[in-house]
Amino acid sequence: MSVQDDLTAVQRCLDELSRSVGRLEKQLGTGGLEMRRVRTDANHLRESVALLRDAAQSPATQHKPELVTIPDTPYDDSLWIDTDDEGLGARDRRAP
């Protein structure tokens with residue numbers, strides 16, 4: 001199966017889940033915390049599958065982050081003037 005076929009199958013299952021949750025709401029009512037939680041979770045699943053479908057349809061538009069090369073040359077010592085060494089304090093004083 002292709003990704004689109006799998007996503008369509010998942011969408012059908014979510015539609016059936018939504019219908020089942022609707023039937024449960026009619027029988028149990030919508031006021032309980034558990035029922036609201038089930039409805040919210042079903043909606044989150046639907047949103048997540050929609051995001052997956054969008055990502056699967058446009059993989060060419062997704063880009064990898066640009067890598068930044070860090071040189072091996074030492075940094076300029078003037079960058080560290082008036083700084084404290086972590087855990088050691090200032091350079092001209094002794095550590096406690």
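Let me begin with a term.

One caution before we go on. What you see is a predicted model. The chain averages a pLDDT of 82, and 81% of the residues score at least 70. Which element has the highest mean pLDDT, and which the lowest? H1 has the highest, at 90. Strand E2, residues 89-90, has the lowest, at 60. Where pLDDT is low, the predicted coordinates should not be read in detail.

Now the overall layout. The protein chain has 2 helices and 2 strands. Read from the N terminus, the order is α-α-β-β. There are 96 residues, and 11% of them count as buried. The accessible surface is about 8700 Å². Carbon and sulfur atoms hold 57% of that surface. Next, contacts. Take those with a separation of 6 or more: 53% of them come from residues 24 or more positions apart.

On to the helices. H2 covers residues 33-57, which is 25 residues. From first C-alpha to last, H2 reaches 36 Å. The span expected at 1.5 Å a residue is also 36 Å, and the helix is close to that. Which residues of H2 are buried? Met 35, Arg 39, Ala 42 and Val 49. What do these buried residues pack against? Helix H1, residues 3-28.

Keep your eye on Arg 39, one of the buried residues of H2. Arg 39 forms a salt bridge with Glu 25, and the closest N and O atoms are 3.0 Å apart. Why does this pair tie together separate parts of the chain? Arg 39 lies in helix H2 and Glu 25 in helix H1, so the bridge joins parts 14 residues apart in sequence. And is Glu 25 buried or exposed? Glu 25 is buried, because its relative accessible area is 18%, and the cut-off for buried is under 20%.

The salt bridge count comes to 4. Let's see some others, starting with Glu 16. Glu 16 bridges to Arg 19, with the closest N and O atoms 3.0 Å apart. These two are 3 residues apart in helix H1, so about one helical turn separates them. Glu 16 also meets Arg 23 in a salt bridge, at 3.5 Å from N to O. Put together, Glu 16, Arg 19 and Arg 23 are linked in a network of salt bridges.

How accessible are the members of that network? Glu 16 is partly exposed, at 36% relative accessibility. Arg 19 is partly exposed too, with a relative accessible area of 46%. Arg 23 has 44% and is also partly exposed.

Last stop, back to Ile 70. Is this residue buried or exposed? Ile 70 has 59% relative accessibility, so it counts as exposed; the cut-off is over 50%. Together with Val 68, Tyr 75, Leu 79 and Trp 80, it forms a nonpolar patch on the surface. The accessible area of those residues together is about 610 Å².

To recap. The buried residues of H2 pack against H1. Arg 39 and Glu 25 form a salt bridge, with one partner in H2 and the other in H1. The nonpolar patch, Ile 70 included, lies on the surface.

How values were computed:
Residues are numbered from 1 along each chain as its sequence is written. This is a predicted model: local features need pLDDT of at least 70, side-chain atom pairs count only at pLDDT 80 or more; totals for chains, interfaces and linings use all residues. Side-chain values use heavy atoms; hydrogens and water are left out. Helices (H or I, at least four residues) and strands (E, at least two) are DSSP runs, numbered from the N terminus. Buried means under 20% relative accessible area, exposed over 50%, partly exposed in between (1.4 Å probe, protein chains only). Contact means heavy atoms within 4.5 Å. Accessible areas come from the Shrake-Rupley method with a 1.4 Å probe; for residues, only the protein chains shown count as cover. The expected span of a helix is 1.5 Å times one less than its number of residues. Patches are made of residues with over 30% relative accessible area and no salt bridge: like charges are joined within 9 Å, nonpolar side chains (Val, Leu, Ile, Met, Phe, Trp, Tyr) within 5 Å. A salt bridge is a side-chain nitrogen of Lys or Arg within 4 Å of a carboxyl oxygen of Asp or Glu. pLDDT is the predictor's confidence in each residue, from 0 to 100.
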